[in-house]
Amino acid sequence: MTLLYIKRTFDKINAFTNRKEASQPMSVLNKKSLEDFDVRGKRVLVRVDFNVPIKDGEITNDKRIVAALPTIEYLIKNGARVILISHLGRPKEGWEPEFSLAPVAARLSELLEKKVIMAKDVIGEDAKSKSAALKDGEALLLENVRYHKEEKKNDPAFAKELASLAELYVNDAFGSAHRAHASTAGVTAYLPSASGFLMRKELEFIGGALENAKRPFVAILGGAKVSDKIGVISNLIDKVDSLIIGGGMAYTFIKSQGFTVGKSLCEEDKLNLAKELLAKAESKGVKLLLPLDNVVADRFDPEAEKKTVSSSSIPDDWMGMDIGEKTVKIYVEEIKKAKTIIWNGPMGVFEFDRFAGGTLDVARAVAEASENGAVSIVGGGDSVAAVTKLGFASKMSHISTGGGATLEFLEGKDLPGVSALSDK
Ligand code: AMP
């Protein structure tokens with residue numbers, strides 16, 4: 001009787017400990033990467049993001065193809081038989097010519113200065129025979145994986161068929177890592193799986209900051225709406241030393257403190273949440289900075305009348321469009337002290353030159369901090385567009401290639417395309 005009792009107690013403790021272990025997130029830095037495998041002579045299925053804009057059969061921006069080159073070139077150089085797979089746009093079902101990846105195969109051949117073979121299908125006869133016939137150092141591009149509705153459904157039979165084309169799987173499509181699709185996650189059930197170089201860089205920079213940032217760690221959050229960034233703010237409050245808030249979402253915070261914000265963007269239904277976030281930051285000893293002054297406009301227009309007012313006296317008919325000069329000074333001082341910076345969302349309506357000043361000054365400060373040794377990461381939403389438009393992109397340590405994936409990563413969510421990769 002006593003023995004049975006002890007055993008049951010022991011089992012309960014065990015079950016509890018196991019459960020605890022299972023719920024502990026595995027470090028993203030612990031995932032196998034391409035270089036952990038000998039790829040020579042192996043057929044390697046590489047998930048890339050070739051979802052490029054195409055107009056009248058012409059690729060109008062090949063940035064995403066260029067971004068995948070290091071992984072593809074490494075595989076070719078090391079004698080792998082490369083099988084590339086990607087989605088393009090949103091085909092309804094089956095083959096639709098405007099969603100064909102054929103123009104991408106042509107562009108990729110030019111960039112690699114080497115012919116990339118194009119398959120007419122994804123898991124059909126053509127894909128199978130062409131992947132089987134690949135020689136060491138050759139590359140094949142499969143057709144748009146979204147021609148199969150099984151892709152988005154993460155259908156196991158489809159994932160297994162895909163996997164049967166290869167002996168190793170590499171995921172280099174960080175921008176799709178938040179989706180549990182057959183080609184981003186399902187396929188890993190049947191193949192050893194590694195990150196490509198582009199994916200690796202995202203994991204090292206963003207994962208590195210979230211798991212083990214050099215301090216002080218400063219997050220700069222802006223953009224239009226608090227509601228889009230709630231998850232990011234609450235996750236980062238647990239990790240950063242300072243949180244700088246700007247952009248349209250600052251006005252919900254300002255109003256939650258009892259001020260009026262005129263016609264500024266404000267989410268009335270998020271006022272309580274804003275208060276709670278401010279209280280959470282205070283209880284955690286996180287310095288949360290809100291604008292002290294603002295550039296306001298009489299209308300939402302690039303030529304609008306403008307003036308600078310304090311956050312406690314925004315006139316009724318005016319709207320906050322940018323952070324003011326005093327605020328810029330305080331934010332820049334905080335950024336200067338940082339050793340790790342994550343920036344998501346512009347400080348104002350940067351698309352209008354008259355209201356781009358705050359974003360420009362913050363971008364310059366982040367770039368300077370970077371030059372002085374801080375790790376700077378820009379990603380998610382419009383911040384990449386802002387930093388690029390203002391000419392600071394090359395100064396940042398890392399510009400994230402993911403939109404939704406970056407936001408979900410910053411929210412602390414599990415990314416299926418990452419957690420599915422083999423552990424070291
Ligand atoms: P997000 O995609 O969330 O990063 O939001 C970016 C958008 O927020 C940009 O288009 C900005 O113009 C806009 N934005 C930033 N500040 C403001 C503001 N004070 N009022 C209105 N829109 C803003």
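The C-alpha centres of domain 1 and domain 2 lie 35 Å apart in this predicted model. The domain assignment places domain 1 at residues 21-197 and domain 2 at residues 205-411.

**Domain interface**

- Contact between the domains involves 6 residues of domain 1 and 12 residues of domain 2.
- About 720 Å² is buried between domain 1 and domain 2, and carbon and sulfur atoms give 68% of that area.
- On the domain 1 side, V28, F174 and H178 supply 67% of the area buried against domain 2, more than any other three residues.

**Helices α10 and α11**

- Two packed helices are described by the angle between their axes and the distance between the axes.
- Helix α10 spans residues 325-337 and helix α11 spans residues 357-371; they pack at an angle of about 15 degrees, with their axes 9 Å apart.
- Angles under 35 degrees count as roughly parallel, so α10 is roughly parallel to α11.
- The crossing of this pair, α10 and α11, is right-handed.
- From α10, the residues making the contact are V328, V332 and I335. From α11, they are G358, D361, V362, A365, V366 and A369.
- Sorted by class, the contact of α10 with α11 has 7 nonpolar residues, 1 polar and 1 charged.

**Helices α2 and α3**

- Helix α2 (residues 63-77) and helix α3 (residues 102-112) cross at roughly 65 degrees, and their axes come within 11 Å.
- The α2 and α3 crossing is right-handed.
- Helix α2 makes this contact through I65, V66, L69, I72, E73 and I76. Helix α3 contributes V104, R107, L108, L111 and L112.
- Of the residues in the contact of α2 with α3, 9 are nonpolar, 2 are charged and none is polar.

**Backbone features**

- Most residues other than glycine have a negative phi, and most peptide bonds are trans.
- The peptide bond from R215 to P216 is cis, with omega near 0 degrees.
- P216 sits in the loop between α6 (197-212) and β9 (217-221).
- E113 has a positive phi, near 55 degrees, and is a residue other than glycine.
- The loop between α3 and β5 (116-118) holds E113.

Note on methods
Residues numbered from 1 in each chain as written. Predicted model: local features only at pLDDT ≥ 70, side-chain atom pairs only at ≥ 80, totals over all residues. Heavy atoms only, no water. Axes fitted to C-alpha atoms, helices over the stretch in contact; angles between N-to-C directions. Helix = DSSP H or I, 4+ residues; strand = E, 2+ residues; numbered from the N terminus. Parallel < 35°, antiparallel > 145°, perpendicular 65-115°, else oblique. Left-handed = near helix turned anticlockwise from the far one by under 90°. Contact = heavy atoms within 4.5 Å. Nonpolar A, V, L, I, M, F, W, Y, C, P; charged D, E, K, R; others polar. Domains from an automatic or database assignment. Buried area = accessible area lost by both parts, 1.4 Å probe.
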